[in-house]
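Reader: I am new to this structure and would like to be walked through it. Could we begin with the terms and then look at the residues?

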Amino acid sequence: MGSLDNRRVLFISYNGMLEPLGQTQVIPYLRELAKRGVKFSLLSFEKDKAFTQEGQQACLELKAQLRDQGIEWHWLRYHQRPSLPATIFDVLAGVRFAGPLVRQNKIELVHARGYIAATIAMALKRKFGVKMIFDIRGLMAEEYVDSDHWPKGGLRYRVTKAVERRILAATDAVVTLTERIWPIIKEWKGLKGRKVPHAVIPCCVDLSFFKFNEQQRSRLREELDLDDRFTLVYSGSLDGWYLTEETADFFAAIVRKRPDAHLMWLTMGSPERVRQLMSTRGISEDHYSIRAVAPKEMPSYLAAGDVGISFIKRCFSKLASSPTKNAEYLACGLPIVINSGIGDSDGLIQEPFAGILLDDFNAGDFDDAWNAIERLVREPKLKTKTRIVAEKMFDLESVGAERYERLYQAVLSS
């Protein structure tokens with residue numbers, strides 16, 4: 001396959017670049033692929049804060065940084081309500097804005113991150129004949145049904161599935177986050193019977209950023225008054241897909257075994273919700289802390305912990321999920337405690353020293369998990385060993401960018 005030097009790609013993301021996800025799951029990939037010769041135009045949809053005076057300044061600074069790295073960034077406003085008309089408006093705005101970009105920048109390939117971006121890409125392919133990649137970050141219709149936001153068979157569900165069929169029929173390649181979902185998706189209408197290039201690319205992390213630092217660990221543990229306390233970490237949103245009730249139950253079980261245990265909640269969610277979770281289980285405030293941590297500070301806080309927790313609702317749509325927090329925990333030296341049935345994560349735990357897998361959330365499973373954790377944390381050089389798992393499974397360069405590069409080459413050479 002040929003080189004990617006000066007190949008021109010439009011990357012469309014319905015997530016904003018000022019958001020944590022854009023900072024950790026879009027920009028790092030584009031920077032790495034730009035080093036490999038790709039000339040990127042990036043179109044994102046930014047939330048209201050990007051259009052405040054402070055936000056506009058942040059956008060201009062980021063635009064300059066990206067320009068220096070070979071990425072030309074453009075952004076439009078994201079509209080949320082009413083949901084269906086707002087999304088249609090954004091799609092039409094995206095097509096209208098991206099058309100001139102395709103012509104001016106001589107775009108050869110549109111890389112669409114998610115369903116809304118793929119709807120825009122599909123229109124651009126039809127009009128300009130460009131190639132497209134559908135990067136499936138999650139099964140949109142199934143996720144809304146599994147989260148009880150949409151009834152299965154309702155209007156929004158049916159519209160989304162109809163658009164999905166057209167996207168799958170149009171796309172020149174597909175990216176999934178997991179191996180587990182591909183045998184299912186490739187039999188869906190639009191893909192069934194078609195041979196298109198496919199890559200499994202889990203949510204990877206920049207290992208030069210997410211890493212263990214002993215000095216930062218010592219500083220933060222002193223700042224948080226942790227001393228030698230056994231410290232678990234939960235990073236991310238509260239409720240919804242994330243089983244925060246079960247997380248609190250698990251920690252309460254650990255406190256009974258290890259009275260000095262501490263749980264760091266690293267979340268932008270409601271501190272009152274965390275306090276309610278803890279107090280109803282009789283857990284006093286000296287056993288936990290709550291921090292709203294900026295993305296740039298996250299590695300330091302993770303390094304201050306001993307074990308990371310990631311409990312997620314089991315359902316069909318989550319077969320397609322690759323939790324970013326798992327990769328971040330491992331990269332910062334934390335073995336993980338996860339529940340079964342989420343994407344390819346069951347297989348991840350088969351890696352030596354990666355962590356512990358729970359089948360259920362009952363007292364017996366919690367006891368077994370705690371016994372396994374006690375054995376695991378006594379392992380010499382554990383942080384180095386969990387880091388090795390992250391390097392093997394989730395390295396942005398050798399896993400993520402490498403697989404994207406091969407996929408780009410396959411599509412552009414066909």
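Author: A residue is called buried under 20% relative accessible area, exposed over 50% and partly exposed in between, with a 1.4 Å probe and protein chains only. The model is a predicted one, in which local features need pLDDT of at least 70 and side-chain atom pairs count only at pLDDT 80 or more, while totals for chains, interfaces and linings use all residues. Residues are numbered from 1 along each chain as its sequence is written, and side-chain values use heavy atoms, with hydrogens and water left out.

Reader: Is Cys315 buried or exposed?

Author: Cys315 counts as buried because its relative accessibility is 16%.

Reader: How many disulfides does the structure hold?

Author: The structure holds zero disulfides, a disulfide being a pair of cysteine sulfur atoms within 2.5 Å. For Cys203, the nearest cysteine sulfur is that of Cys204, 7.7 Å away. Cys203 is itself buried, at 6% relative accessible area. For Cys315, the nearest cysteine sulfur belongs to Cys203 and is 16 Å away.

Reader: On to the core, then. Which residues touch the most other members of the largest nonpolar core?

Author: They are Leu232, Phe250, Leu263, Trp265 and Met278, in a core of 63 residues. Such a core is a set of buried Ala, Val, Leu, Ile, Met, Phe, Trp, Tyr and Cys residues joined through side-chain atoms within 4.5 Å. Helix H10 (residues 244–257) gives the largest share, seven residues. Helices (H or I, at least four residues) and strands (E, at least two) are DSSP runs, numbered from the N terminus.

Reader: What is Leu263 in contact with, leaving aside its neighbours within four places in sequence?

Author: Its partners include Leu232, Phe251, Met278, Tyr288 and Ile309, where contact means heavy atoms within 4.5 Å. Apart from this core lies another, of 39 residues, among them Val91, Val110, Met122 and Leu319.

Reader: Changing topic, why is H2 described as largely enclosed by the rest of the structure?

Author: Seven of the nine residues of H2 are buried, so the rest of the structure largely encloses this helix. The buried ones are Ile27, Pro28, Tyr29, Leu30, Glu32, Leu33 and Ala34. Their cover includes strand S1 (8–13), H1, strand S2 (39–46), H3, strand S3 (71–77) and H17. After H2 comes Gly37, whose phi is positive, near 110°.

Reader: How many cavities of 30 Å³ or more does a search of the whole structure find?

Author: The search finds two. On a 1 Å grid over the protein atoms alone, a cavity is a set of points where a 1.4 Å probe fits but cannot get out, a pocket is an open set with protein on both sides within 12 Å along at least five of seven lines, and lining residues have an atom within 4 Å of a point. Grid points are joined across faces, edges and corners, and a volume is the space filled by probe spheres set on the points. The largest cavity has a volume of about 60 Å³, and its lining includes Phe11, Tyr29, Asp135 and Tyr404. The second largest cavity has a volume of about 30 Å³.

Reader: And which residues lie nearest the centre of the second largest pocket?

Author: Of its 22 lining residues, Gln23, Arg31, Leu62, Gln65 and Pro295 lie nearest the centre. Helix H2 (27–35) is one of the elements that give two or more residues to this lining. The pocket holds about 660 Å³ of space.
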